[in-house]
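Notebook open, model loaded. I want to look up the strands, the cores, the surface and the charged pairs.

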Amino acid sequence: MKLRMLIWKVGLVFTLGTAQALAVVPELTLGVHPFKPPTLLMKAFTPLGNYLSERLGRPVVVQISKDYRSHIDLAGSDKLDIAYLGPAQYVHMTEKYGKKRMLARQAIAGSPTFHGKIFVRDDSPIQTLLDLRGKRIALGDPNSTMSYLLPRYLLLEAGLAAKDL
């Protein structure tokens, strides 16, 4: 499966476009939010950093943010030259810092959409989302599109508020 990365143009470096302007920053930083363990993210994003280094003729280093909030703040305050952001993070960032130009968007198998799922154990009696009433559910970071916002939305659409869990 061929993947293309979602990267957002954040900062002045790429908008100037002259060799003299680019020489102001010796290396560029590609920031990634911590949606997976840092070792996996470094393995996944280092090829992109290497590709960009080669194409731009200057080093591009991959930096994994410590948490979602700090990543939003780093990208929004132009402390990252390029930032990989999920949809919810981009919305939070633009609400606080204003819009940033998008450089590219992620597409998997040619589609810019993706799907999330809620899993239960195979031997669980839970068959529908409504069966989660009164149960505990683990969600991710509140700034995460896939591990928090979409599951919460699906639960609300099914008629379950946080107080019901």
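My entries follow, by topic.

**Ground rules.** I am working on a predicted model, where local features need pLDDT of at least 70, side-chain atom pairs count only at pLDDT 80 or more, and totals for chains, interfaces and linings use all residues. Residues are numbered from 1 along each chain as its sequence is written, and side-chain values use heavy atoms, with hydrogens and water left out.

**Strands.** I took helices (H or I, at least four residues) and strands (E, at least two) as DSSP runs, numbered from the N terminus. I looked up β3 (residues 28-32) and found it paired with β4 (residues 60-64), parallel, over five bridges; pairing takes at least two DSSP bridges between the strands. Thr29 has Val61 in β4 as its bridge partner. With helix α3 (residues 38-56), β3 and β4 form a right-handed β-α-β unit. Right-handed means that, with the strands pointing away from the viewer, the path from the first strand over the helix to the second runs clockwise.

**Cores.** I count as a nonpolar core a set of buried Ala, Val, Leu, Ile, Met, Phe, Trp, Tyr and Cys residues joined through side-chain atoms within 4.5 Å. Buried is under 20% relative accessible area, exposed over 50%, partly exposed in between (1.4 Å probe, protein chains only). The largest core has eleven residues, including Leu28, Phe45, Val62 and Tyr84. At least two residues each come from β3, α3, β4 and β5 (82-84), and α3 gives the largest share, four. Another core of seven residues lies apart from it, with Ala75 and Tyr90 among them.

**Charged pairs.** What holds Asp78 and Lys100 together? A salt bridge does, at 2.9 Å, N to O; the cut-off is a side-chain nitrogen of Lys or Arg within 4 Å of a carboxyl oxygen of Asp or Glu. The two sit 22 residues apart, Asp78 in the loop between α4 (68-76) and β5, Lys100 in the loop between α5 (87-97) and β6. Asp78 is partly exposed at 40%, whereas Lys100 is buried at 14%.

I also checked Lys163, whose salt bridge to Asp164 has its closest N and O atoms 3.4 Å apart. Lys163 is exposed at 73% relative accessibility, while Asp164 is buried at 15%. Arg133 joins Lys163 and Asp164 in one network of salt bridges that share partners. Asp123 and Arg121 meet at 2.8 Å, N to O, and both are exposed. I have five salt bridges down for the structure.

**Loop residue.** Last, I looked up Phe114, in the loop between β6 (107-108) and α6 (145-157). Phe114 comes out partly exposed, at 41% relative accessible area.
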